[in-house]
Amino acid sequence: MIIDCHGHYTTSPKQLAEYRAKQEAGVKDPKLDPGKANLGISDEQIRDSLEGAQLKFQRERGTDVTIFSPRAMGMSHHIGDARVSEYWSQACNELIHRCCGLYPENFVGVCQLPQSPGVPPANCIPMLERCVKEYGFIGLNLNPDPSGGYWKEPPLTDKWWYPLYEKMVELEVPAMVHTSASCNPCFHATGAHYINGDTTAFMQFITGDLFKDFPALKFIVPHGGGAVPYHWGRYRGLAQDMKKPLLKDHLLNNVFFDTCVYHQAGIDLLLKVIPVDNILFASEMVGAVRGIDPETGYHYDDTRRYIDATSVIGAADKEKIFCGNIKRVFPRFKAPKAK
């Protein structure tokens, strides 16, 4: 089985974007506030949105299951207040639940949280519980920067986040650390802010002692870990200068990296630097990079090809990346049964 741990519903029906536009209008003029979503999206519209995109690519690329979440760029927690985020996240998560219900053999859900700048993460616990216990979701996306590129929240190792972490451990769900849209013009969202977020989160984990307090807590740092594998020596050296334990002891029981790296040399580097037990297969399709690489003739985000082609690791380690590690990091994962 090949499990893609990083997929977003980037092709959702237009009603979702229309609702978001109404929310944004309501932020500027409360008389236009739409309240809770009533999207009116049919099952057939959901099928149409997936059949020519995520499902098509699953079949063409030979992957089996996608761990599926709302569009990361769309989280945009900086828009409005906690109430706006609550209604928006509820609408997005319900759509993911419906996708998983229509295609239980293809999708397993991960939730978006109703984060909002300055609002304690504990505010997100009721939605996380509902998504796990009622919808059967197996993880969550955690935005380390709800301010949208201005980094106003405490570091991920701060006790401000601890109530959410306690619930994650209780529910046995990992978090993918995933930033959202950037409203800071200095940072292109997918080319800079996402990669900055990955790198920043990892450095925050180094500087703290979070996993002494939460030895069972698990995070996935996406996009191959941002700058981390390329600068592994820097991070090992910084940890050493800070008198921290070796990274393998300090972080690698709890922090994992995905394979959303869109060229062969990058994947090979990831596999050479990061222990195989800490790498999870992912593509983020249909996502940040949708084109075809003129050097190969294949989509950049067809990441299975890179794992298949690499000579850095053997078949047993490839099986870990494709399946075994994901089942270990997501203990609630169960192989979907055909409807």
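How many cavities of 30 Å³ or more does the count come to? The count comes to three, where a cavity is a set of points on a 1 Å grid over the protein atoms alone at which a 1.4 Å probe fits but cannot get out. The model is predicted, so local features need pLDDT of at least 70 and side-chain atom pairs count only at pLDDT 80 or more, whereas totals for chains, interfaces and linings use all residues. Residues are numbered from 1 along each chain as its sequence is written, and side-chain values use heavy atoms, with hydrogens and water left out.

The largest cavity holds about 70 Å³ of space, a volume being the space filled by probe spheres set on the points, which are joined across faces, edges and corners. Its lining comprises 15 residues, lining residues being those with an atom within 4 Å of a point. Cys 5, Ile 67, Val 110, Asn 141 and Met 176 lie nearest the centre of this cavity. Strand 1 gives the most to this lining, with four residues; strands are DSSP runs of E, at least two residues, and helices runs of H or I, at least four, numbered from the N terminus. By class, the lining has nine nonpolar, six polar and no charged residues. Here Ala, Val, Leu, Ile, Met, Phe, Trp, Tyr, Cys and Pro count as nonpolar, Asp, Glu, Lys and Arg as charged, and the others, Gly among them, as polar.

The second largest cavity has a volume of about 40 Å³. Among the residues that line this cavity are Asp 4, Arg 61, Asp 301, Asp 302 and Arg 304. Its lining divides into two nonpolar, three polar and five charged residues.

Key: 1 Å grid on protein atoms, 1.4 Å probe; cavity = no way out; pocket = protein on both sides within 12 Å on 5 of 7 lines; lining within 4 Å.
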